[in-house]
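The walk below starts with their crossing and ends at a single side chain.

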Amino acid sequence: MSTSPAASGSGSTTDTAPPSLCAREPHVPADRLVAEMVPPPRFDSVRFDTYIPDPKQPSQTEAVRVLEGFAAGLGGAHAVGGGRRGFLGFGRAKAPRTPAGPRGVYLDGGYGVGKTHLLASLWHATPAEPSLKAFGTFVELTNLVGALGFQKTVQTLSGHRLLCIDEFELDDPGDTVLVSTLLGKLVDAGVALAATSNTLPGKLGEGRFAAVDFLREIQGLAAHFRPLRIDGDDYRHRGLPEAPAPFTDEEVTKAAYATEGASLDDFPSLLDHLAKVHPSRYGALTDGLRAVCLTDVRPVPDQSTALRLVVLADRLYDREVPVLASGLPFDRLFSAEMLNGGYRKKYFRAISRLTALARDAKGLVA
């Protein structure tokens, strides 16, 4: 795992108070949401040849082979936005050439097997201008619809050659209908789809909702994808020590003052502040930060708060922002009831990612 520059050392201690995330209430215009639909900084340089398959897991090697072929096949595909029009560009655009069979691939696997690495590699390998490819998490996609409206989102993405959706998790029937309808329209427009998830498409939502309409939407969505299983262990923990023990409040505070670009907040106040900021702005909330320092980490009190924390953890992980903390270790953030409930995959992912960021932050403490 790469280490953030902030984790390589601390500057001299100053009397200037570190910035607080709780003092930030960023405004994110809709055009920024669209422009930022690219692989996050952590995955800027990943490619298929930088993915190292586990020799004990042949499905990883097979996934690379299939995705390389999928990317190559998109070179001749035309989305509606890139379709050929009549003489001198006028007239009705010709229908896109849509290959037979599923119009997407669905990467299914556990935490830390490299699904996002492969998804970002697919984005980079697809022969199209960046403006014709989109990459975002499921939450970011639903936030885009909220910012632009459904029809505008369809119009904006219909001209793309590829839409990559990371962490495809359906949390309620409303999101299921919304995204299923959106993807159906994009497939009709000739847009190729790729997604990652920890659950096979036909099993999404299983055990959480029993409504007939919901299950029908799940099955309709599954038809758009070819499932591609990726087995393996979480690479973030392969051969690595357990999560570092939390530091003291004094150590965290001192490191925050000594580290340029570090923020400092007490954990309960940050959780309260997240309720006042739309999750689509959590990325902007971390703009310019080289480290996040938190004191008094304690169990998350309720599920709504926990889900907001999951989104923040994803944004911090994407941006490789180390997290230095005091209080409880991150594997004790969520209650047993939460870890056994319908959102358990999200919570385990957040623990995995925050643990990795905590390791990155150890160098901040002299």
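**A helix pair and its contact**

The crossing of α11 and α13 is left-handed. This comes from a predicted model.

Two packed helices are described by the angle between their axes and the distance between the axes. Here α11, residues 303-318, packs on α13 at an angle of about 45°. The axes lie 9 Å apart. That angle makes α11 oblique to α13.

Which residues meet? From α11 come Q303, A306, L307, V310, A313, D314, L316, Y317 and D318. From α13 come K346, Y347, R349, A350, R353, L354, A356 and L357. By type, the contact residues divide into eleven nonpolar, one polar and five charged. An α-helix has 3.6 residues a turn, so residues three or four places apart point the same way.

Now turn to α13 itself, which covers residues 344-361. Does its length agree with that of a helix of 18 residues, or disagree? At 1.5 Å a residue, α13 should span 26 Å. Its end C-alpha atoms are 26 Å apart, so the two values agree. Helix α13 is also mostly covered: 15 of its 18 residues are buried.

Finish with K346, a residue of α13. Is K346 buried or exposed? Its relative accessible area is 8%, and buried means under 20%, so K346 counts as buried. K346 is also among the α13 residues that meet α11. V310 is one of the α11 residues in that contact. K346 and V310 are 36 residues apart in sequence. In space, their C-alpha atoms are 6.7 Å apart.

Note on methods: Residues are numbered from 1 along each chain as its sequence is written. This is a predicted model: local features need pLDDT of at least 70, side-chain atom pairs count only at pLDDT 80 or more; totals for chains, interfaces and linings use all residues. Side-chain values use heavy atoms; hydrogens and water are left out. Helices (H or I, at least four residues) and strands (E, at least two) are DSSP runs, numbered from the N terminus. The expected span of a helix is 1.5 Å times one less than its number of residues. Buried means under 20% relative accessible area, exposed over 50%, partly exposed in between (1.4 Å probe, protein chains only). Axes are lines fitted to C-alpha atoms, for helices over the stretch in contact, and angles run from 0 to 180 degrees between N-to-C directions. Angles under 35 degrees count as roughly parallel, over 145 as roughly antiparallel, 65 to 115 as roughly perpendicular and the rest as oblique. A crossing is left-handed if the near helix is turned anticlockwise from the far one by less than a right angle, and right-handed if clockwise. Contact means heavy atoms within 4.5 Å. Ala, Val, Leu, Ile, Met, Phe, Trp, Tyr, Cys and Pro count as nonpolar, Asp, Glu, Lys and Arg as charged, and the others, Gly among them, as polar.
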